[in-house]
Number of protein chains: 2
Amino acid sequence: MPTITAFKTSPDKGAGLARDMRVRWALEETGQPYDVRLVTFEEMKQPAHLKRQPFGQIPTYEEGDVTLFESGAIVFHIAEHHPGLLPTAAAPRARAISWMFAALNTVEPPIVERDHVKHFEAGKSWQAERFALVDERIRTRLDQLAEAFGTADWLAGTFSAADILMVHAIRRLEGSGILESYPVFTDYIARAADRPAYRRAFEAQHKVFLNASSA
Amino acid sequence: MPTITAFKTSPDKGAGLARDMRVRWALEETGQPYDVRLVTFEEMKQPAHLKRQPFGQIPTYEEGDVTLFESGAIVFHIAEHHPGLLPTAAAPRARAISWMFAALNTVEPPIVERDHVKHFEAGKSWQAERFALVDERIRTRLDQLAEAFGTADWLAGTFSAADILMVHAIRRLEGSGILESYPVFTDYIARAADRPAYRRAFEAQHKVFLNASSA
């Protein structure tokens, strides 16, 4: 059974935004049981964790002598070893993998940058102007994504690992006012959040927060 | 034979920073011949290209009915189908794939953000302060990367697709003064640039610039 790591105290207060959510969701979609090792911010900086994750982040994934880090790599590993997260035919599989990388490398970076503006440029005279610049980058990506998405339910035709990464990346925009102007994406997120595997993953992650709060 | 797309007129003036370099390099390492379709910025926004690349970027990769976009996805596809770019044993292969995603998702984003500060925040009163913030993020990542790298020649023990992505991501820092304070990385880049496959890829890309300049 694989062991993943997750925040002992998640900064998002159990809202499902920490990146172990992606891994939990992929494991639930493929019906894999898993163990969780909770780590504090202190422990994430210690040699034992840095050996697993050189950048001191979560999640990691350990199974036998295989250790992975980076949520994208872990979700891909799960998709490679268990059916249900990637099409099997060459052309749609290649497309789904392209979308996985697009979620992480093209769509997510400006969204993460927005969090930097919010948290690390608070109180700066330029914060409003920076929000405008970053929000424009985000909207350009969402416009292009919406165009490519069309009326489909999922990025690669059927549900795939690409949807796990994309839904999770854009969920970080909830409450920003940006996502709300794209019904195509609020519908997409709702469709994803309605999947039993998503719900089990979300609840398992949320429970960590509830337990930490009541401790 | 696969066909890739590349800039007809690269903004980096043939310095090897455009992302088709990653794909050319992977193809050269595995000894695959390839065709190149050069596209203008105008053409990148047209439906024919958007069908291949929903975000209007380069590179893309087409072979038979398989079409990929995102340099990470393409390099992975090449590594999956041809020996030489990924270890075959499960544990080192998983490690190499983790490093591929780390190059693209953890190391590259603040480096790309630095380009935004340089180009899109030029003339803003806050530019210097923003450079300081972003450079600190970059140095944190490089410090962690240097620690993990140790005295190794390549990220996953032997040369792999992870090195293609990591070397190309950090090369974008050349001339910033940051990279130069990490001999471990200037050595790493020099080691990579000395590979015959790198040189062939670089020269092929540079030739496009020379041809465009003399046209």
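Which way, left-handed or right-handed, does α5(A) cross α6(A)? The close-ups below take that up, along with the chain pairing and one histidine, all in a predicted model.

**View 1. How α5(A) and α6(A) pack.** Here α5(A) goes past α6(A) in a left-handed crossing. The two partners are helix α5 of chain A, residues 90–120, and helix α6 of chain A, residues 127–149, with an angle of about 160° between them and axes 9 Å apart. Since angles over 145 degrees count as roughly antiparallel, α5(A) is therefore roughly antiparallel to α6(A).

**View 2. Side by side, who meets whom between α5(A) and α6(A).** From α5(A) come A:W99, A:T106, A:P110, A:I111, A:E113, A:R114, A:V117 and A:K118. Facing them in α6(A), the contact residues include A:F131, A:V134, A:I138 and A:L145, plus A:R130, A:D135, A:R137 and A:R141. Sorted by type, the α5(A)–α6(A) contact has nine nonpolar residues, two polar ones and seven charged ones.

**View 3. Chain A laid on chain B.** A turn of 180° with a shift of 0.0 Å along the axis puts chain A on chain B at an RMSD of 0.0 Å. So what you have is the relation of a two-fold axis. Both copies use the same surface, with 100% of chain A's contact residues recurring in chain B.

**View 4. A closer look at B:H116.** This histidine sits in helix α5 of chain B, residues 90–120. Its relative accessibility is 17%, so B:H116 counts as buried. Beyond its neighbours within four places in sequence, B:H116 is in contact with A:R137 and B:E121. B:V134 is 18 residues away from B:H116 in sequence, and their C-alpha atoms are 10 Å apart.

How values were computed. Residues numbered from 1 in each chain as written. Chains lettered and ligands numbered in written order. Predicted model: local features only at pLDDT ≥ 70, side-chain atom pairs only at ≥ 80, totals over all residues. Heavy atoms only, no water. Least-squares fit on C-alpha atoms with pLDDT ≥ 70 in both. Contact = heavy atoms within 4.5 Å. Axes fitted to C-alpha atoms, helices over the stretch in contact; angles between N-to-C directions. Helix = DSSP H or I, 4+ residues; strand = E, 2+ residues; numbered from the N terminus. Parallel < 35°, antiparallel > 145°, perpendicular 65-115°, else oblique. Left-handed = near helix turned anticlockwise from the far one by under 90°. Nonpolar A, V, L, I, M, F, W, Y, C, P; charged D, E, K, R; others polar. Buried < 20%, exposed > 50% of the residue type's maximum accessible area, 1.4 Å probe, protein only.
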